[in-house]
Every structure is written in C-alpha cells, then in structure tokens.
Amino acid sequence: MSTVDEAAEERFSINPARVGLYLTLGGLLVFFLAPIETGVVTSLKTPDAVGTTSPLVPSVEGFTLDNYATAVSELLPGMVNSLLYAVPATILSALFGSFAAYGLTLTDWRGQIGVLLLFVAGIFIPYQAVLVPLTRLFSVLGLSTLGIWGLLGIDNAYAGIVELIITHTAYGIPICAILFRSYYKGMSEEMLESARLDGATVRRAYRRIVFPLSTPMFAVVLIYQFTQIWNDLLFALVLVQAESSAAAPVTLILAGLGASQSGTIFGLRMAGAFVAALPTLAVYVLFGEEFAKGVAT
Amino acid sequence: MATFSEVRELLKRVARTDDGDTTSDSETATDAGSATGDEVATDGGTTRSDGSATTDEPRIDGSEVATDGGEVKTDGGVQQSDGGLRATLEDRVGEDFLESAPFWLPPVLLVGLFVYGAVLWNAVISLTDYEGFDDPDYFDLDFDMYVQALTSSQVIDAGVNTLVLMVGFTVVALVFGLLIAVVVDRNIRFENTFRTIYLLPMSLSFVVTAQFWLWMYDYDGVLNNSLGLLGLGPFEFIGNQQIVLASVVFALVWQFSGYTMVVYLAALRAIPTEHFEAARVDGASVVKMYWRVIVPQLKSATVSASVVLMVFSLKAFDFLFALVGGYRPPNGADILATKMVREAFQNQNWAYGSAIAILLFLMALSVIGPYLYYEYTNDNL
Amino acid sequence: MARLELDDLTKVFTDDDGGEVVAVEEVSIDIADGEFLVLVGPSGCGKSTTLRMIAGLETVSDGRIRLGDRVIDDKKPQDRDIAMVFQSYALYPHMTVRGNMSFGLEESTEMPDDEIRTLVDDTAGMLGIAELLERTPTELSGGQRQRVALGRAIVREPEVFLMDEPLSNLDAKLRSEMRTELQRLQEDLDTTTVYVTHDQTEAMTMGDRIAILNDGRLQQVATPLEAYHQPANRFVAGFIGEPSMNFFDVEVQGDQLVHAPAGDTSAGEFSYPISADTRESLQATSRATLGIRPEDIEIVGAAESGRDFDTTVDVVEPMGDENNLYLGFSADSERTFVATVGGMRRVEEGQPAVARVPESAIHLFDADTGEALQNRTLRDAAATEPEL
C-alpha cells in the first residue's frame with residue numbers, strides 16, 4: 001500500500017512527473033550499483049588492463065580470471081574460519097535472545113523493565129569500550145595454552161575462534177533479545193494464560209507453545225545476526241590479530257589483500273571483495289524480506 | 001450428581017444400544033477430586049504462611065502490568081507461596097521470577113559480564129598505567145591517561161573528526177534516505193526490485209565496502225574519470241586531508257541510506273491515508289503536503305534512526321581500517337575508534353587506549369542516554 | 001461438592017502513578033453445585049476481573065474464594081481444578097484440535113496417552129467436532145473454534161467451568177444456536193459454571209441465577225425473572241429488559257407522585273395518584289424514581305382515571321411481534337417514554353394515545369440511593385385492574 005493513491009491510468013500514461021520519477025529511480029540505481037559494477041568489471045581485468053582501460057568498461061583483451069583464482073585460494077581458509085564461528089555464534093545468540101525475551105516479556109516479575117533498558121543500551125555500546133578487558137580476559141583464561149589443541153592436532157590459533165564465538169554470542173544477545181521481544185509482545189496473552197491454567201510450567205509453556213510459534217522470528221534473527229557477525233572486522237582483528245594466522249577470518253584477510261609495495265592490485269581486491277561478500281550477499285538475495293524486517297525493528 | 005465420566009459412560013451406552021433407554025446408571029457421587037485432603041485454611045487466615053496480612057488493606061502484587069489492548073488489567077495471578085525464602089522472594093519481585101530465571105538469567109549474566117562488566121573493567125584499566133607486556137598495576141590509580149589524552153592534539157583531532165563524521169553522516173543519511181523513501185513510495189512498478197537493490201549495500205561488510213570505494217576514489221578511478229568528463233579536475237579523495245572525511249561520509253551514506261529508506265518507508269506507510277486525503281482536499285500541493293503533513297509524523301522514526309546511525313558512525317573503525325589495511329587511517333580521517341585501537345593494539349599502550357575508549361563510550365552515552373529516556377517515557381520499551 | 005463461594009471478594013489495582021483503582025468491591029456470591037451462574041453488567045463493571053480471580057489469573061486483594069470446603073484463592077491456577085473458556089478461545093495455533101484438547105491432560109495429569117486419546121475422542125464426539133480432530137485452528141470457522149475451546153475445558157473434567165464472554169465473537173445466528181447448546185451441555189455435564197457476559201439476553205436465557213455487577217459492586221443475585229420483576233435497585237431495573245424500563249423523577253406530595261422536571265416545560269408534568277399501601281412503602285422519602293416497564297403500559301381508548309395520560313406518538317418501531325411506541329406528553333416534547341403494544345395494532349406517528357399506567361405494575365426507587373422501595377406485584381397479566 002502506498003501513501004499515494006493515484007489513478008490506475010497514471011501508471012500507463014506518459015506523464016512528465018512519472019518520467020522524472022523513474023529517471024530519479026534509475027539515477028539512484030546507478031548510484032547504488034556503480035561501485036559494484038566497477039568492482040565486477042575490474043575484477044576481471046589484468047593489472048595492465050586496470051591501468052589502461054576505463055574503470056567502468058570491461059576489457060576483452062585484458063580479461064582474466066586469475067584474480068578470482070588467487071582470491072579464492074587466499075580467502076577460502078578465511079571463509080571456513082568465519083563460518084566456524086559465525087554459525088555457532090548466530091545460533092547461540094539467537095537462542096539466548098529468545099530465552100531472554102521470553103523471560104522478560106511473557107512472564108511476570110518486577111524489574112523486567114530495568115533489565116530491558118540494560119539490554120537496549122547494550123546494543124549501542126561501542127565495542128572499543130570493551131576491547132582491552134576482553135583481550136586481557138582471554139589472555140588470563142589462556143585458551144590457546146590448553147592442551148586440547150595439541151591433542152586434536154589443531155593449530156592453537158583456533159582458540160581465537162572459540163573466543164570469537166563467545167564474544168559474538170555475548171554481544172549479539174541484546175539485539176536478538178530486543179527483536180524477539182517485539183515479536184513476543186504481539187503474542188496472545190490469553191493463550192499463555194490458558195496454558196497456565198492447563199498446568200504448563202513456565203518451561204513447558206516455552207517448549208510446547210512459545211518456541212514452536214517463534215519460528216518466523218527465528219528466521220529473521222538468524223539471518224540478521226549471521227550477516228552482522230560474518231561482516232565484523234573489529235573483534236576478528238583484536239582476537240586473532242594476524243591475517244596470517246591460521247584462524248584468520250575472511251574479513252581480516254580481505255583487509256590486507258592485494259596490497260603490494262607498488263600500490264594496490266585492484267583487480268585482486270575487487271575479486272576478493274566479491275568472494276568475501278558472497279555468503280552474505282547470497283543470504284540477502286535469498287532472504288531479503290527477513291533481513292529488511294530485522295533492520296527495520 | 002453425575003460426574004462427567006458417568007455421563008460419558010451414559011452417552012456411550014446410549015450410542016451402543018441405540019434404544020433410547022437412558023437408564024440412570026450408578027449415580028453414586030464419586031467426586032471428581034475434592035477429597036484430596038488439601039489444607040483447609042481457617043477464615044482468620046492465621047494458617048497462611050506467606051506473611052501477607054488478611055486485613056482490610058488490599059494486598060497488591062509484584063508487577064502491575066496492564067495487558068495490551070484490553071480493558072482487563074492483570075498482575076500475573078497467583079503462584080504458590082508456601083513459605084520461606086521463595087515466598088518472600090515472590091512477594092517482593094513477583095511470581096514468575098524464579099520459575100523463569102533459567103530463561104533470562106544466563107543471557108543477563110552473559111551480557112552483564114561481557115558488556116557492563118567489561119566496560120567497568122575498562123574504566124579501571126584506564127586509571128592504571130598499563131602498557132606493554134607487563135601486568136596492570138591496579139593499586140596505582142590515577143587520571144594520568146586522561147590528562148594525556150585530553151591534551152593530545154591527535155586525540156582532540158580524532159575527537160573532532162568523530163563528531164564531524166557522526167553528525168555529517170547521520171544528517172546526510174537521514175535526508176537522503178527520506179528522499180529515496182519518498183520516491184519509492186510513489187506507487188511505482190517493480191518497487192520490490194528497487195528496494196532490494198537500494199538495501200543491498202547494507203548486507204555487505206564494511207571491509208568489502210572499503211574495497212569498492214578505495215577503487216572508486218582512486219586517482220585514476222571511477223569518480224575522477226566521471227568528473228573529468230564534466231571538466232572537473234581529478235581529486236585526491238583520500239589523500240587530501242580536507243576532503244577525506246567527506247569522502248568517508250559519502251561512502252558510508254552509500255552503505256546506509258538503504259537502512260534509512262526502509263525505516264522511513266515503514267513510517268510513511270503507517271500514516272493513515274486520511275491525512276493525505278484531507279491535505280489534498282484542502283488543496284495542498286505535493287511538496288507542501290509532504291512538508292506540513294508528513295514530516296511531523298516522521299519524528300519518532302527519525303529519532304530511532306538517528307540513534308542507530310550515530311552509534312554506527314562511532315564504530316566506523318572497520319571501514320577505515322580496511323581502507324588502508326592498517327591501523328592508521330589517512331590523514332584527517334582519524335577518529336577516536338581508530339585511535340583507540342591503534343594505541344592499544346599497535347602501540348601496546350593499553351591504559352591509554354582504554355582511556356580513549358572511555359571517552360568514546362561517554363560520547364555514545366550522550367546519545368543513548370536521552371534516547372533511552374525518551375523511549376522509556378513514551379512507553380516504547 | 002463443587003459449591004463455589006465468593007466471600008467479600010475485592011480487587012484493587014495500582015496504576016503507574018500510584019493511584020488505586022477498585023475494580024471489584026466486596027462481591028459475595030454463593031454458587032450451588034451444578035448451578036449455572038451468569039455474571040452480567042456493563043463494560044468495566046468488574047465481571048471479568050471477578051472471573052479471573054476465581055481462575056487464579058488475578059490475585060485477590062481481599063476476601064476469600066472457596067471451592068467445596070477448600071479455600072482456593074491462594075492456590076495456583078492449575079491447582080484449582082477449574083477450566084476456562086476465553087473470549088478469544090486462546091487456542092494453540094500450531095497444534096491440531098486433538099493437540100489442543102489433549103494439552104491440559106498432558107500437562108496436569110499422569111493419564112496415559114491412550115486414555116487421553118479416548119477422552120478427547122468422546123468429548124469431540126459430544127460436541128460434534130470429531131471429524132475436525134486432525135485440523136489446526138486456522139482451518140476452522142469461528143463456531144468450530146469455539147467448540148474446540150469448549151472441548152478443551154470439558155476434557156479436563158473440572159469442578160468449575162469459567163466462561164468469559166465465549167459467544168461474543170460469533171455472529172448473531174450462531175450465537176443463539178450456541179446459547180441453546182451450551183445450556184444443554186451444562187445440564188448434561190452438571191458442572192458448576194460461572195459465565196460472564198455483557199449481553200442481558202444471554203444472561204436472562206441461560207442462567208439459573210444471574211449476578212448483576214456495576215462499578216465493581218454486586219447489585220443483585222437472583223433468578224432472571226426475579227431480577228426482572230423484583231429488581232433490587234434502579235440500576236438493575238434499567239439494565240435488565242429490552243427496551244428498558246421508563247424512569248420518571250417524582251416528588252411525593254400527599255397521595256400524589258408529582259413529576260415536574262424543572263426547566264423543561266414541554267416534558268409534561270403529571271401527577272400520579274397512589275394508594276395507601278404504596279404511600280406506606282415510600283415511608284419518609286420525599287423524592288423517588290417511578291419506574292414502569294414498556295409492556296406494562298396499556299394504550300386505551302380514553303382517559304378514565306388519574307392514571308391515564310394523554311400522549312402523542314412520536315416514533316413507532318415496528319418489531320413484528322410487537323410495536324415500540326415512543327410517547328411524548330405533548331406534540332413537540334423532547335422527552336419520550338416507551339410503551340410496547342401488540343404487533344398487530346396499528347399505530348401511527350403523530351397520533352394521540354392514552355397511556356394507562358396501572359399501579360400494580362409500577363416500581364418505586366429511592367431517588368438518592370436507587371434502592372427499590374416497591375416493585376410490581378407479580379400478578380396474572382390478564383387480571384390487571386387499576387386499584388386505588
């Protein structure tokens with residue numbers, strides 16, 4: 001439903017206002033897609049072609065897939081690493097968010113609003129304010145020194161992955177909780193009262209009623225959270241630190257990709273950007289609705 | 001009195017025999033369940049163990065939560081109080097407190113620890129002189145780091161840049177997003193496609209965005225080429241200190257105006273059509289209509305979007321780091337976020353970095369605080 | 001025994017600013033085992049809150065609730081052996097009908113699955129929804145959902161049924177069908193039932209007794225007919241009955257009740273003669289309210305006594321079975337009162353009519369407290385003679 005209730009005929013007539021409208025829309029399209037278009041075009045060019053041809057136009061002679069080959073080989077381990085922590089952290093933060101929202105919205109006790117305030121505030125806290133204590137905590141915990149890595153034959157840099165899972169889960173909980181809360185607020189109170197009268201405890205009510213009915217919201221939260229966690233650089237940088245580390249997530253590697261002494265190899269960078277962006281782009285294209293819902297809340 | 005099960009038997013028998021013979025079966029009144037030997041409290045109420053008085057004064061319970069939308073208010077109902085700590089706890093904080101604790105307690109603990117606990121710890125560290133590979137000395141606390149920070153021209157510059165970035169980015173993103181929303185809202189074809197493309201940059205990582213714009217801003221890159229066609233000289237979008245911040249803002253707006261568009265679109269569509277129709281009947285031109293009728297209605301959307309944008313701008317670290325592939329953003333684009341990470345993780349000046357982080361945190365708080373208060377008083381929580 | 005006693009039940013809410021709202025004030029009702037009691041009253045009168053207190057969904061600020069001989073107001077809802085049907089049915093949308101009906105038994109009893117299954121089958125059969133057992137609520141019509149909600153309550157075999165306006169979401173025709181069926185069901189099951197509604201037709205037709213509430217206070221508990229013919233106060237008299245009773249503010253002047261509303265000369269002053277008995281029941285009261293039901297006003301040919309009044313017909317509402325006549329004391333009077341006559345009678349707007357108000361049919365209420373001072377005598381309708 002649009003705010004403008006225009007007659008149907010206007011859609012088909014050549015109306016100067018409409019023409020202007022579509023021109024604007026087209027212009028915006030250009031604005032939004034230009035960086036991506038030039039990225040695509042450039043990623044398929046050799047370094048020479050990049051230097052000589054116009055950045056907006058593809059080059060036939062200078063066409064190459066080498067950039068992608070390099071990008072993939074450099075970034076693939078990073079993508080695996082990113083996946084290793086993004087998936088668990090997404091699921092855990094979503095679950096905890098649902099639990100928290102349930103306990104704070106669909107049950108009744110004093111002080112709920114206070115806790116909720118803390119959650120809302122928690123969404124907005126700049127991560128810089130916790131970085132130093134975080135690194136300190138993890139160095140004290142010494143996860144990388146545990147014998148388990150040697151036992152399993154894994155590079156102990158992967159302790160960073162575990163740290164990332166913990167970190168992203170904890171920092172993802174506030175936004176997940178708030179997303180679920182807005183959803184739970186819309187649930188029928190009478191239905192839950194009825195469940196209570198029927199003898200269901202708080203736990204059973206969640207398991208048998210609230211959780212099954214939360215599926216649509218889980219879709220939104222999982223998709224939104226996955227995007228946020230995958231795209232993060234700061235925690236990856238701080239907890240894993242070196243892009244050369246075996247556990248380096250993809251964002252970390254990408255940041256340094258294609259930088260050489262003689263300048264930046266843009267073709268490689270562009271290819272790298274696309275490869276790195278692929279999962280979240282795919283998620284967005286497939287599940288755009290859910291993503292938009294998460295963003296709008 | 002026939003119980004339900006007996007009536008059921010009766011119905012079954014009737015159904016089976018089908019001769020309409022409703023012989024009264026055993027009408028022995030075996031009661032459905034009152035003979036369970038439950039406690040019989042006397043009227044004086046003295047055997048009630050939860051300590052609540054049965055005098056004339058009304059007993060008011062834990063949380064007073066009115067149900068949404070109905071005239072019937074509720075306060076959550078009765079839970080068993082059988083004396084002791086549990087009862088006093090329930091009386092004081094409301095009934096579901098303990099039962100629901102397994103749900104909210106772990107997340108609250110996690111958040112409390114990792115967010116608030118960490119911030120507190122950070123504040124403490126900022127008062128030490130922690131640097132390098134030593135351990136922090138928690139007994140030698142002073143404000144040295146803050147003095148150093150507040151007198152450092154770099155920090156001050158970074159602070160100013162942070163502010164400029166924050167305000168510039170927020171305002172431009174809001175205005176631009178609103179314009180896009182207005183345009184998209186005009187009952188166009190393929191609306192979904194347009195919306196999807198406009199929102200697309202939001203799904204990208206800052207790092208990816210930085211790559212694209214690094215290329216766009218390159219001296220021989222797209223922007224300079226296009227501007228060259230118009231006869232405008234090539235610019236050092238990143239190298240030039242004066243305009244680098246604007247370039248950063250522009251790139252971030254590119255990434256975020258999809259978000260503001262979504263927010264404003266939702267807000268626009270929530271306005272009942274009667275408002276528009278009334279304005280049209282009153283003869284308002286399109287522009288006037290938007291200005292007078294609509295913009296005031298968008299206040300709440302603007303508020304929440306601004307807060308999100310401002311806080312994101314404080315985090316613009318990812319973008320700047322990826323832009324140069326290192327801790328040091330281009331000259332003129334250093335913000336508190338990048339300065340902090342640099343000091344702490346590159347220079348190992350942990351306490352100094354913490355102090356800068358606290359300054360950043362306070363900046364964020366000055367935005368979040370009023371916002372939370374506004375939402376709380378408007379019952380939006 | 002499932003006798004339900006409400007003893008001085010009171011509910012006070014505190015709102016955010018610390019102000020107190022007394023939703024229910026000292027309501028006491030004794031409900032007999034197997035009785036169908038209807039709680040009726042206008043919106044906000046406290047009937048739902050009372051019901052929720054019985055259910056345990058609200059705490060009791062003061063007073064007691066006893067079921068059988070046990071005090072239950074401090075027990076959890078699930079321990080009270082009570083089942084409730086909500087206005088919105090409150091079904092679980094993701095479960096089948098069978099799932100919905102089995103839920104309570106699964107959660108609150110140790111009954112084995114096959115027993116639950118049989119019980120659900122039987123109950124569904126009794127309600128005529130056996131073929132819907134595998135469907136989900138979203139696939140059902142309003143009436144079907146209502147039956148499922150009923151079934152869910154019945155299956156629990158509780159001591160008491162509580163129903164919160166279960167019929168108000170149904171369309172008119174379905175509503176009257178379900179009314180009858182609910183009554184039949186309740187008689188078969190013989191379970192104590194407390195039924196809340198704002199519709200006085202439902203109250204009158206369904207209840208063994210009705211309890212009328214207003215502003216949190218109990219106005220009267222009586223059988224429907226008692227409430228109709230012997231209302232305890234003016235509120236009950238005006239609430240029960242459609243079209244509602246006509247009221248006139250009068251002053252007692254000797255053996256006359258004088259209606260002379262100040263400042264409204266066109267509303268018609270009249271003087272109504274009363275007998276010695278009536279004067280006695282008025283005692284020392286000088287101001288009262290005279291009430292007369294529309295159906296008790298007779299339209300006669302000519303005025304014969306002081307109880308016959310000349311009026312003009314202002315509006316006629318032909319209902320088919322009867323005509324509602326809105327009568328005014330003069331042609332342009334603003335205030336009208338209602339008289340009901342047979343549907344076959346031809347009456348036209350603007351026509352004069354003589355309205356007879358028999359003394360045996362009047363109700364008198366104290367002007368300040370609203371309390372009933374005299375109600376109509378319950379006589380055979382065929383034998384109404386004006387008596388002095």
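Where in chain C does Pro243(C) lie? Pro243(C) sits in the loop between α8 (234-239) and β11 (246-253) of chain C. A cis peptide bond joins Glu242(C) to Pro243(C), with omega at about 0°. This model is predicted, and the values below are computed from it.

Backbone torsions mark other loops too. Glu157(C) is not a glycine, yet its phi is positive, about 50°. Its loop runs between α4 (142-154) and β7 (160-164) of chain C. Glu157(C) counts as partly exposed, at 22% relative accessibility. In chain B, Gln348(B) has a phi near 60°, a positive value in a residue other than glycine. Gln348(B) lies in the loop between α14 (336-346) and α15 (350-377) of chain B. Its relative accessible area is 22%, so Gln348(B) is partly exposed. A glycine supplies another case: Gly56(C), with a positive phi near 95°, follows α1(C).

That helix deserves a look. Helix α1 (residues 47-55) of chain C is largely enclosed by the rest of the structure, because nine of its nine residues are buried.

Next come the salt bridges. Side chains of opposite charge can pair when their charged atoms come close. Over all chains, the count is 29 salt bridges. In one of them, Glu25(C) meets Arg217(C) at 2.9 Å, N to O. This pair links distant parts of the chain: Glu25(C) is in strand β2 (residues 20-31), Arg217(C) is in strand β10 (residues 217-222), and they are 192 residues apart. Glu25(C) is partly exposed, with a relative accessible area of 26%. Arg217(C) is also partly exposed, at 39%.

Buried pairs occur as well. Glu359(C) bonds with Arg307(C) in a salt bridge, and their closest N and O atoms are 2.9 Å apart. Here the pair links two loops, 52 residues apart: Glu359(C) lies between β19 (352-356) and β20 (363-366), Arg307(C) between β15 (298-300) and β16 (308-318) of chain C. Glu359(C) is buried at 5% relative accessible area, and Arg307(C) is buried at 3%. Asp308(C) and Arg356(C) form a further salt bridge, again with closest N and O atoms 2.9 Å apart. Asp308(C) is in strand β16 and Arg356(C) is in strand β19, so this pair ties together parts 48 residues apart in sequence. Asp308(C) is buried at 7%, and Arg356(C) is buried at 14%. Elsewhere, shared partners join Arg3(C), Glu5(C), Asp7(C), Arg66(C) and Asp69(C) into one salt-bridge network.

What of the cysteines? A search of the whole structure finds zero disulfides over all chains. Cys176(A) counts as buried, at 1% relative accessibility. Cys45(C) is also buried, at 1%.

In chain A, Leu146(A), Ile148(A), Leu151(A), Leu152(A) and Ile154(A) form a nonpolar patch, with about 500 Å² of accessible area together. Leu152(A) belongs to helix α6 (residues 148-152) of chain A. Its relative accessible area is 56%, over the 50% cut-off, so Leu152(A) is exposed. Chain B carries a negative patch, formed by Asp129(B), Glu131(B), Asp134(B), Asp137(B), Asp140(B) and Asp144(B). Asp129(B) is in the loop between α3 (96-126) and α4 (144-151) of chain B. Asp129(B) is partly exposed, at 33% relative accessible area.

Note on methods
Residues are numbered from 1 along each chain as its sequence is written. Chains are lettered from A and ligands numbered from 1 in the order in which they are written. This is a predicted model: local features need pLDDT of at least 70, side-chain atom pairs count only at pLDDT 80 or more; totals for chains, interfaces and linings use all residues. Side-chain values use heavy atoms; hydrogens and water are left out. Patches are made of residues with over 30% relative accessible area and no salt bridge: like charges are joined within 9 Å, nonpolar side chains (Val, Leu, Ile, Met, Phe, Trp, Tyr) within 5 Å. Accessible areas come from the Shrake-Rupley method with a 1.4 Å probe; for residues, only the protein chains shown count as cover. A salt bridge is a side-chain nitrogen of Lys or Arg within 4 Å of a carboxyl oxygen of Asp or Glu. Lys and Arg count as positive and Asp and Glu as negative; His and the chain ends are not counted. The place of a charge is taken as NZ of Lys, CZ of Arg, CG of Asp or CD of Glu. Helices (H or I, at least four residues) and strands (E, at least two) are DSSP runs, numbered from the N terminus. Buried means under 20% relative accessible area, exposed over 50%, partly exposed in between (1.4 Å probe, protein chains only). A disulfide is a pair of cysteine sulfur atoms within 2.5 Å.
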